[in-house]
There are 2 protein chains.
Amino acid sequence: MTQRETDQSTRTPRTGRRPGASSTREEIIAAARQLFAQRGYDGATMRAIAGEAGVDAALIVHFFGNKPTLLGEAVQWPFDPDVEIPKLLADGRRNVGRRMAELFVRTWDDEGDRNPILTLLRAGMTEPQAAEMLGGSLRLCLFGPLLERLGSDRPDLRANLVASQLVGMGTVRYVLGFEPVASARPADVVAWLAPTLQRYLTGKLER
Amino acid sequence: MTQRETDQSTRTPRTGRRPGASSTREEIIAAARQLFAQRGYDGATMRAIAGEAGVDAALIVHFFGNKPTLLGEAVQWPFDPDVEIPKLLADGRRNVGRRMAELFVRTWDDEGDRNPILTLLRAGMTEPQAAEMLGGSLRLCLFGPLLERLGSDRPDLRANLVASQLVGMGTVRYVLGFEPVASARPADVVAWLAPTLQRYLTGKLER
């Protein structure tokens, strides 16, 4: 399920039912998801999220403890790993770098400023808890299952190296806007990244 | 000149001379440099910088206009390109990737949280003007002169690609702290990065 579809489903008209604890919790998460996407991690204050959800800020602390935890609950992966991982492997080991570059560029091009990975990344630049959450999500949702199926040695190291290239390209192309990469065609970005990702995923690592 | 040496030189005891406009300007820059390094871009408020420099915040606006401009004036490159670029080329074209990886790891390991590139990068994640400044500094101080001497085609594109890998590794190893890369030995990080940087600097680009 994409971020956008999720947002729409959480914005269905409210029923007249008086909200219990669990629906209040969901409304806080929906409000947080919306404000994190619109205003970023720093801009989405607990007070603003409380206002959007129509609850007291103290209730958010009661449910979630702190802002990084709320962020972790609110951020949803922008693609379904169960669907995408088999596609990454569909052309065999020798093409997994290209397939991963394609998935990266497609996802980041589609999501734009609403990209939840970008929200986590920005937060992780200053919040250790958000950094841990980003690392955990990447490992759990994507790199763990992918590298297990690839059967490469040193999967954690390879995951770090792939992350370093993708986090960096995400930052340079989509956040910092360095030219010419920021305006380059998706197919070109894929061609430049594919050999790097391929080496990190399946190649010989010198150490 | 390193960041630390610069800080010390600006902290020499004041003379009894009544400060004119130019020394006030320098004191503001010194205060900004110190607070950006200690508290990061968001944490170093204009008010705090004014307090540290012993001036009114309005005077900072008068001299520098806004915070991104002040950041640009305050940030100093953590190495001297005139010294380092010849070293990058000392072993010939075929080793420039390894040499650049070494320079990167050495600089970031040494500088730690005081790394001015990291201050610019964090600021650039949310401030377009800081992003432009980071791109301009990289081009002017490092990639421009280096790629000119290498004589590679498409120097701007190659600079972007190298930046994408270095920004990403800087983020993953030094900010997000992903393991095992965060604790890896410098020589290992160099070995993993060198072939990627070499391809981006001198290799065939597929598009």
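In chain B of this predicted model, B:Pro180 lies in the loop between helix H10 (155-176) and helix H11 (186-202), where helices (H or I, at least four residues) and strands (E, at least two) are DSSP runs numbered from the N terminus. The peptide bond that joins B:Glu179 and B:Pro180 is cis, with omega about 15°. In chain A, a cis peptide bond likewise joins A:Glu179 and A:Pro180, again with omega about 15°, and A:Pro180 has its place in the loop between H10 and H11 of chain A. Residues are numbered from 1 along each chain as its sequence is written, while chains are lettered from A and ligands numbered from 1 in the order in which they are written. Because the model is predicted, local features need pLDDT of at least 70 and side-chain atom pairs count only at pLDDT 80 or more, whereas totals for chains, interfaces and linings use all residues; side-chain values use heavy atoms, with hydrogens and water left out.

Chain A contains eleven helices and zero strands, and from the N terminus on its elements run α-α-α-α-α-α-α-α-α-α-α. Of the 207 residues of chain A, 52% count as buried, a class that means under 20% relative accessible area, with exposed meaning over 50% and partly exposed in between (1.4 Å probe, protein chains only). Among the contacts in chain A with a separation of 6 or more, 69% come from residues 24 or more positions apart, a contact meaning heavy atoms within 4.5 Å.

Individual positions illustrate these classes. A:Ala30, which is found in helix H2 (residues 21-43) of chain A, counts as buried because its relative accessible area is 17%. The C-alpha atoms of A:Ala30 and A:Glu52, which are 22 residues apart along the chain, are separated by 9.1 Å. In chain B, B:Asn115 has its place in the loop between helix H7 (96-111) and helix H8 (116-124), and this residue is buried, with a relative accessible area of 0%. When its neighbours within four places in sequence are left aside, B:Asn115 is in contact with B:Pro78 and B:Trp108.

A further loop residue has a positive phi in each chain. A:Arg154 lies in the loop between H9 and H10 of chain A, and its phi is near 45°, a positive value in a residue other than glycine. With a relative accessible area of 34%, A:Arg154 is partly exposed. B:Arg154, in the loop between helix H9 (128-150) and H10 of chain B, has phi near 50°, also a positive value in a residue other than glycine, and is partly exposed, with a relative accessible area of 35%.

The relation between the two chains was examined next. Chain A can be laid on chain B with an RMSD of 0.0 Å by a turn of 180° and a shift of 0.0 Å along the axis, the copies being superposed by least squares on the C-alpha atoms of residues with pLDDT of at least 70 in both. That is the relation of a two-fold axis. In chain A, the C-alpha nearest the axis belongs to A:Gly168 and is 1.7 Å from it. The same surface serves both copies, since 100% of the contact residues of chain A recur in chain B.

The contact takes 42 residues from chain A and 42 residues from chain B. The size of an interface is often given as the accessible area lost when the parts come together. Here, chain A and chain B bury about 3,500 Å² between them, 66% of it on carbon and sulfur atoms, where buried area is the accessible area (1.4 Å probe) that two parts lose on being put together, summed over both. A:Met125, A:Trp192 and A:Arg207 supply 21% of the area that chain A buries against chain B, more than any other three residues.

Across the interface of chain A and chain B the rule finds two salt bridges, each defined as a side-chain nitrogen of Lys or Arg within 4 Å of a carboxyl oxygen of Asp or Glu. A:Asp188 forms a salt bridge with B:Arg207, in which the closest N and O atoms are 3.6 Å apart. The elements that give two or more residues to the side of chain A that touches chain B are helix H8 (116-124), helix H9 (128-150), helix H10 (155-176) and helix H11 (186-202) of chain A, and H10(A) gives the most, with 14 residues.
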